[in-house]
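Work through the exercises below with the sequence and the structure in view. Each task is followed by a solution in steps.

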Amino acid sequence: MSTDRLIIFDTTLRDGEQSPGASMTREEKVRIAKALERLRVDVIEAGFPAASPGDFQSVQAVARAVQESRICGLARANDADIDRAGEAIQPAAQGRIHTFIATSPIHMERKLQLSPDQVVEQAVRAVKRARQYCDDVEFSPEDAGRSEPDFLCRILEAVIDAGASTVNIPDTVGYAVPEQFGALIADLRNRVPNADKAVWSVHCHNDLGLAVANSLAAVLNGARQVECTINGLGERAGNASLEEIVMAVRTRQDVFPCDTRIETREIVPCSRLVANITGFTVQPNKAVVGANAFAHESGIHQDGVLKHRETYEIMRAEDVGWHTNRMVLGKHSGRNAFRSRLRELGVEFESESHLNEAFARFKELADKKHDIFDEDLQALVTEASQELEQEALRLLSLRVCSETGERPCARVTLEFNGDERTVDAEGGGPVDAAFKAIDSVVQSGTQLVLYSVNSITTGTDAQGEVTVRLERAGRVVNGQGSDTDIVIASAKAYVNALNRLLTAGQRKHPQAEGV
Ligand code: KIV
Ligand code: ZN
């Protein structure tokens, strides 16, 4: 079969970040972008620069840090957004502006309050303006899955004429089904007269659990770029999952007339990093990256796999990066070994004090835990960088008591806005008591909507990784903490979530009302 290139456009840092609670700091975005570069993603959508000054700076930082992947900034179809995106991607070795405007009758009438003629005019103007910043411009008719095909043909022809080199068909609300979505792509490619002047792309949401199937149906009908995210993160039910798209195409080369340039052994490390940073853990039975994806439970399967692995395995676990865990460092490793392993993982320290802070944590961990894996190092860096931010709330110490027949209690010492406070509380369990004690100081008025604990690696000495999701007045934040003691990890996660809530600024959502 001929092997066209299938371009992988990763939007974990933009659409992925639109998952409630998944917002990331600039430093975290750079770490993920470096992991995506190691994965050999073709295009990284690094954010929506017009959302806030912080988002602008994150896109700029990613553009500076990454060399091998193209860096894309999202912009609504208006001058101000495009100028902001153009400026943000300016340091990139290879840049792209992705501009969009809604084209479905319901979005044009209700959200934009624009006529179809005005929408076409604005789209063309936006593409032309974006071309003043770079040659690589992508256009998306938002909610294409519910737009009229005739109108799509009209607007797509106009934007390709105006200079769009990629046209992306988003199923914004996850409404499409594979056969129909594949037919839509074929129809558009046949009917748009200048279709051959652009790469055809798709961007599918997973509201009906069909994002990957719809994307693959589009690929079979000529799409040569797929927009996707690590672990399928994204708005609402998420986007098409990168690892599933890549492995489906790679494994079924008898079906797909194209392949990606993804370094598949980086899939699992990248998945773990995104889960660690965002606090969106991966379900065990998730394809490719779930903990059980390659585990054979039944005796019959195990017997088959031992005799000949292909009896039950269609992919090799090591090809997607399982079992690459190495005991990388130990108690006696020095600062240089520590720094150079982290450099291999894409972590550069901003200053000596950042390195010292992380190294001190490493030594503490190595005293408690014999084998230190890459995942431990990533969790440690996440925490050390949180510590260095000027946070309003800091956990100084925690003591809990938990005894059969007794009510659990906690004593917590915190620094809150520069004042040190020690408080006691009781609770249903030690975690509940610790959270109550912390909240008695902060009086946050939040609701705990999720609490989850996972072990980062295996063994009873493994670090527990805790995610806490808090909600206040419709705003959702996630906090993470890790420690070999899960009560301490829980308190760290709670404090981290509270800090995010206390410091969060206002950001625009790209798909909210207006253009
Ligand atoms: O889902 C969507 O339509 C989007 C666009 C901005 C491409 O994310
Ligand atoms: Zn989207």
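A polar contact is a pair of N or O atoms within 3.5 Å; within protein, one of them must be able to donate a hydrogen and the other to accept it. The model used here is predicted.

**Exercise 1.** Place Gln118 in the chain and state which backbone atom its side chain approaches.

Solution. 
Step 1: Gln118 belongs to helix α5.
Step 2: A polar atom of the Gln118 side chain lies 2.8 Å from the backbone nitrogen of Ser115. The cut-off for a polar contact is 3.5 Å.
Step 3: The relative accessible area of Gln118 is 37%, so this residue is partly exposed.
Step 4: Met108 is ten residues from Gln118 along the chain, and their C-alpha atoms are separated by 9.6 Å.

**Exercise 2.** Find which parts of the chain are tied together by the salt bridge of Arg96 and Asp136, and decide whether each residue is buried or exposed.

Solution. 
Step 1: The side chains of Arg96 and Asp136 meet at 2.7 Å, N to O, in a salt bridge. The cut-off for a salt bridge is 4 Å.
Step 2: Arg96 is in strand β5 (residues 95-102), while Asp136 is in the loop between α5 (116-131) and β6 (137-142), so the bridge ties together parts 40 residues apart in sequence.
Step 3: A residue is buried under 20% relative accessible area. Arg96 has 4% and therefore counts as buried. Asp136 has 11%, so Asp136 is buried as well.

**Exercise 3.** Describe how domain 1 and domain 3 meet: how many residues are in contact, and how much area is buried?

Solution. 
Step 1: The chain is divided into domain 1 (4-278), domain 2 (335-386) and domain 3 (391-502). The C-alpha centres of domain 1 and domain 3 are 37 Å apart.
Step 2: Contact involves eight residues of domain 1 and eight residues of domain 3.
Step 3: The size of an interface is often given as the accessible area lost when the parts come together. Domain 1 and domain 3 bury about 620 Å² between them, and 27% of it is on carbon and sulfur atoms. On the side of domain 1, Pro20, Gly21 and Asn276 lose the most area to domain 3, together 54% of what that side buries.
Step 4: Between domain 1 and domain 3 there are seven residue pairs in polar contact, both residues at pLDDT 80 or more. Helix α10 (residues 267-278) supplies the largest share of the side of domain 1 that touches domain 3, namely four residues. By class, that side has two nonpolar, four polar and two charged residues.
Step 5: The count of salt bridges between domain 1 and domain 3 is one. Glu28 forms a salt bridge with Arg500, with 3.2 Å between the closest N and O atoms.

Conventions
Residues are numbered from 1 along each chain as its sequence is written. Chains are lettered from A and ligands numbered from 1 in the order in which they are written. This is a predicted model: local features need pLDDT of at least 70, side-chain atom pairs count only at pLDDT 80 or more; totals for chains, interfaces and linings use all residues. Side-chain values use heavy atoms; hydrogens and water are left out. Domain bounds come from an automatic or database domain assignment. Contact means heavy atoms within 4.5 Å. Buried area is the accessible area (1.4 Å probe) that two parts lose on being put together, summed over both. Helices (H or I, at least four residues) and strands (E, at least two) are DSSP runs, numbered from the N terminus. Ala, Val, Leu, Ile, Met, Phe, Trp, Tyr, Cys and Pro count as nonpolar, Asp, Glu, Lys and Arg as charged, and the others, Gly among them, as polar. Buried means under 20% relative accessible area, exposed over 50%, partly exposed in between (1.4 Å probe, protein chains only).
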